[in-house]
Amino acid sequence: MEEIITISVSDSLLYEKAAIYIYEICKKNAKPLHLGEVVYPDFYKEIEKMLLSHDPYEENFILYMGALPCGWLKVNGLDNPDDAWISMMAVEPKYHRLGIGTVAVGYAEEFLRSRHKRRALVRTTEDNIAAYNLYKSCGFAVKKMFEDIASDGVKRKWTVFEKELK
């Protein structure tokens with residue numbers, strides 16, 4: 001597999017292209033991410049607003065395999081002195097099962113260590129088997145389970161995973 005590189009969206013002057021890419025990858029992954037219907041103008045405007053806000057407590061990354069974008073990674077909670085979250089990760093469907101998720105999680109862990117975080121947290125729904133298995137295989141442990149309404153308006157079972165960053 002080619003090396004996966006990440007580019008921070010905040011370091012890029014290509015906000016519009018990043019917003020379009022994030023919209024496209026979310027649309028392709030709407031079902032496992034429980035996003036409901038991803039409608040271009042509304043969803044795109046939310047993504048663009050998120051990127052342009054320059055929120056110091058979150059960071060967005062576009063993952064590349066060679067010159068081709070292959071995923072999106074978002075971490076947040078950077079204002080917490082101890083913990084931060086992998087709050088969103090989506091991989092292009094044609095790149096599923098190639099190890100990109102594992103590389104992205106590893107990158108997120110290193111990024112959070114560089115910010116002196118003690119723990120990485122992530123949550124996913126129990127029916128997102130690929131994500132559930134990914135986090136377990138990356139050494140995350142189940143912290144808690146609960147029920148809540150997902151973005152698509154459906155009540156689902158969620159699992160919060162936690163990993164100590166040493």
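The model described here is predicted. The structure holds 6 aromatic pairs, and R123 lies over the face of the W158 ring. A polar contact joins the side chains of D83 and R119.

**The largest pocket**

- The lining of the largest pocket comprises 44 residues, and those closest to the pocket centre are L33, M89, N128, A131 and Y135.
- Helices and strands that each give two or more residues to this lining are α2 (30-33), α3 (40-52), β3 (68-76), β4 (83-91), α4 (100-114), β5 (119-125) and α5 (129-137).
- By residue class, the lining divides into 26 nonpolar, 14 polar and 4 charged residues.

**Aromatic pairs**

- Aromatic pairs number 6 in the structure. One of them is formed by F61 and Y107, with 5.1 Å from centre to centre and 75° between the planes, an edge-to-face arrangement.
- F61 belongs to strand β2 (residues 58-65) and Y107 to helix α4, so this pair ties together parts that are 46 residues apart in sequence.
- The two partners are described by their accessibility: F61 is buried, with a relative accessible area of 3%, whereas Y107 is partly exposed, with a relative accessible area of 30%.
- The ring centres of Y135 and F140 are 5.8 Å apart and the ring planes stand at 70°; the pair is therefore edge-to-face, as angles over 60 degrees count as such.
- Y135 and F140 are both buried.
- Y135 and F140 also belong to a cluster, in which ring pairs link them with Y132 and F161.

**Charges over rings**

- R123 is placed over the face of W158, at a distance of 4.2 Å from the ring centre.
- K144 is placed over the face of F146, at a distance of 5.4 Å from the ring centre.

**The D83 site**

- D83 is located in strand β4, one of the elements that give two or more residues to the lining of the largest pocket.
- The relative accessible area of D83 is 13%, and this residue is therefore buried, the limit being under 20%.
- The side chain of D83 makes its polar contact with the side chain of R119 at 2.7 Å.

Methods. Residues are numbered from 1 along each chain as its sequence is written. This is a predicted model: local features need pLDDT of at least 70, side-chain atom pairs count only at pLDDT 80 or more; totals for chains, interfaces and linings use all residues. Side-chain values use heavy atoms; hydrogens and water are left out. On a 1 Å grid over the protein atoms alone, a cavity is a set of points where a 1.4 Å probe fits but cannot get out, and a pocket is an open set with protein on both sides within 12 Å along at least five of seven lines; lining residues have an atom within 4 Å of a point. Helices (H or I, at least four residues) and strands (E, at least two) are DSSP runs, numbered from the N terminus. Ala, Val, Leu, Ile, Met, Phe, Trp, Tyr, Cys and Pro count as nonpolar, Asp, Glu, Lys and Arg as charged, and the others, Gly among them, as polar. Rings of Phe, Tyr and Trp (its six-membered ring) pair if their centres lie within 6.5 Å; planes under 30 degrees apart count as stacked, over 60 as edge-to-face and the rest as tilted. Buried means under 20% relative accessible area, exposed over 50%, partly exposed in between (1.4 Å probe, protein chains only). A charge sits over a ring if NZ of Lys or CZ of Arg is within 6 Å of the ring centre and within 35 degrees of the ring normal. A polar contact is a pair of N or O atoms within 3.5 Å; within protein, one must be able to donate a hydrogen and the other to accept it, and residues adjacent in sequence count only if both atoms are side-chain atoms.
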